[in-house]
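Hi everyone, thanks for coming. Let me walk you through a structure that may be new to you, and please have a look at it first.

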Amino acid sequence: MSDSHSHDHIAKHVRVYITVFVALLVGTLVNVGMYYVHFDSVPLTVAIAVVIATVKASLVAGFFMHLVSEKKSIYTVLAVTGVFFAGLMALTIWAMHDFPDNTVHTQQPVQETAASAPHVP
């Protein structure tokens, strides 16, 4: 039996997995608890939810998908993916109010005048 499969080595990995599992459970409880906490700002609420989700996703990717012990090339691909994703989100936000000409969104609303307003007795 090789040294990498010794009882102590396996027990160490099991402890790490159980710790990550407990951290994910705590993250889920915090996420559910956030439902009952009402903030005045919607962006703040979304930011907190995204931070919680990012921490949980990092734990899953790092430990259960074994990215913590991977080589530099995996991190390079992950970084390029993150930059590409951020670029796509920036383009989406930048083009949020761009609509083609002569569409319902770019036409000015018709102003009602006193003559065209419906008569209410």
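Let's start with the largest pocket: its lining residues divide into four nonpolar, four polar and one charged. Here Ala, Val, Leu, Ile, Met, Phe, Trp, Tyr, Cys and Pro count as nonpolar, Asp, Glu, Lys and Arg as charged, and the others, Gly among them, as polar. This is a predicted model, where local features need pLDDT of at least 70 and side-chain atom pairs count only at pLDDT 80 or more, while totals for chains, interfaces and linings use all residues. Residues are numbered from 1 along each chain as its sequence is written, and side-chain values use heavy atoms, with hydrogens and water left out.

Which residues line the largest pocket? They are Lys12, His13, Val16, Tyr17, Gly62, Phe63, His66, Val68 and Ser69. Two or more of them come from each of α1 and α2, and α1 gives the most, with four residues.

Now to the helices, which are DSSP runs of H or I with at least four residues, numbered from the N terminus. Helix α1 covers residues 7-36.

Within α1, Val20, Leu24 and Gly27 are buried, meaning under 20% relative accessible area, with exposed over 50% and partly exposed in between (1.4 Å probe, protein chains only). What covers the buried residues of α1 includes α2, with contact meaning heavy atoms within 4.5 Å.

Finally, Val50 sits in helix α2, residues 42-64. Val50 counts as partly exposed because its relative accessibility is 47%.

Definitions and conventions: Expected span 1.5 Å × (residues − 1). 1 Å grid on protein atoms, 1.4 Å probe; cavity = no way out; pocket = protein on both sides within 12 Å on 5 of 7 lines; lining within 4 Å.
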